[in-house]
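Dear colleague,

Please find below the sequence and structure that I am handing over to you. My notes on the model follow directly after it.

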Amino acid sequence: MKFHAVLLEGLFFASPQGDLQVQTETGEIIPVLDRLLPLVGQQVQLAVHHLPSGGVDPSAWGWGSCQWKPAECPAGHHTRPNFLFSFSGNGVLLQDPWRLDLSDGGTSPIDFAVMPGHHGRLAAATVPDIEKLKDELIGLDAGVLGAKVDELQEMLRKLSEDKTK
Ligand SMILES: [Zn+2]
């Protein structure tokens with residue numbers, strides 16, 4: 001099985017065609033759902049959430065993650081300013097609509113509609129690969145793969161944080 005992982009962080013927005021995109025800190029614009037396509041049909045750990053940029057501001061909508069003020073926000077920040085959208089789950093990733101099929105037979109819808117106009121993060125990785133990767137990362141010379149390893153370790157850390165919440 002091929003390793004698939006996605007880690008996107010930045011300002012999420014909808015393109016004129018309505019596609020979910022994210023502008024990263026470096027200004028790069030990435031089509032979010034295209035990046036998820038290689039994970040469709042696979043067992044994944046996935047987390048998507050609002051993430052305040054530049055520190056938490058309790059007086060701002062979404063603790064500073066929301067850019068909609070004063071307009072009506074799709075995540076409802078105009079009525080619930082302190083709401084912080086956070087989804088995380090483990091299941092088989094499916095699309096149309098985006099969801100996780102859970103091992104207990106249930107389904108968790110992934111509500112990407114609340115992401116545009118918000119700073120946020122999407123992290124996903126195939127589950128068997130997470131375990132494999134942990135073994136591979138132990139004893140691996142970080143210099144071999146450089147930033148790639150840092151990136152993956154950071155993602156594993158974030159994913160395990162989400163798991164313990
Ligand atoms: Zn909002």
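**Notes on the model**

Helices (H or I, at least four residues) and strands (E, at least two) are DSSP runs, numbered from the N terminus.

Before the other findings, two remarks on conventions. The model is a predicted one: local features need pLDDT of at least 70, side-chain atom pairs count only at pLDDT 80 or more, and totals for chains, interfaces and linings use all residues. Residue numbers start from 1 along each chain, as its sequence is written.

**Overall architecture**

The chain contains four helices and eight strands. Read from the N terminus, the order of elements is β-β-β-α-β-β-β-β-β-α-α-α. Of the 165 residues in the chain, 29% are buried. Here a residue counts as buried if 20 or more other C-beta atoms lie within 10 Å of its own, as exposed if 12 or fewer do, and as partly exposed in between, with C-beta atoms placed from the backbone. Among contacts in the chain between residues at least 6 apart in sequence, 58% join residues at least 24 apart; two residues are in contact if their C-beta atoms, placed from the backbone, lie within 7 Å.

**The sheet**

The eight strands form an open sheet in the order β3-β2-β1-β8-β4-β5-β6-β7, with antiparallel pairing. Its edge strands are β3 (29-31) and β7 (107-109), each of which pairs on one side only. From one strand to the next, the twist averages 35°; axes are lines fitted to C-alpha atoms, for helices over the stretch in contact, and angles run from 0 to 180 degrees between N-to-C directions. Two strands are taken to pair if DSSP finds at least two bridges between them. In general, strands of a sheet pair through backbone hydrogen bonds, either parallel or antiparallel.

The individual pairings are as follows:

- β1 and β8 run antiparallel and are joined by eight bridges; G10 stands opposite G120 in β8.
- β4 and β8 (residues 118-126) pair in the antiparallel sense over seven bridges, and H49 stands opposite R121 in β8.
- β4 is also joined to β5 (residues 86-94) by seven bridges, again antiparallel; the bridge partner of Q43 in β5 is V92.
- β6 (residues 99-101) and β7 run antiparallel and are joined by three bridges, with D101 opposite T107 in β7.

**Burial and the nonpolar core**

In β8, nine of the nine residues are buried. Both faces of β8 are covered: H118, G120, L122, A124 and T126 lie on one side, and H119, R121, A123 and A125 on the other. β4 is mostly covered as well, with six of its eight residues buried.

The largest nonpolar core has 25 residues, of which V32, L46, V48, L122 and A124 touch the most other members. At least two residues of this core come from each of β1 (5-14), β2 (20-23), α1, β4 and β8. A nonpolar core is a set of buried Ala, Val, Leu, Ile, Met, Phe, Trp, Tyr and Cys residues joined through C-beta atoms within 7 Å. Leaving aside its neighbours within four places in sequence, L46 is in contact with S88, G89, L93, L100 and A124.

**Loops and backbone details**

D96 has a positive phi of about 60° although it is not a glycine. D96 is classed as exposed because 6 other C-beta atoms lie within 10 Å.

W63, in the loop between β4 and β5, also has a positive phi of about 60° without being a glycine. W63, however, is classed as buried, because 20 other C-beta atoms lie within 10 Å.

P38 lies in the loop between α1 (32-36) and β4 (43-50). P38 is partly exposed because 15 other C-beta atoms lie within 10 Å. The C-alpha atoms of P38 and H4 are 6.9 Å apart, while the two residues are 34 residues apart along the chain.

With kind regards
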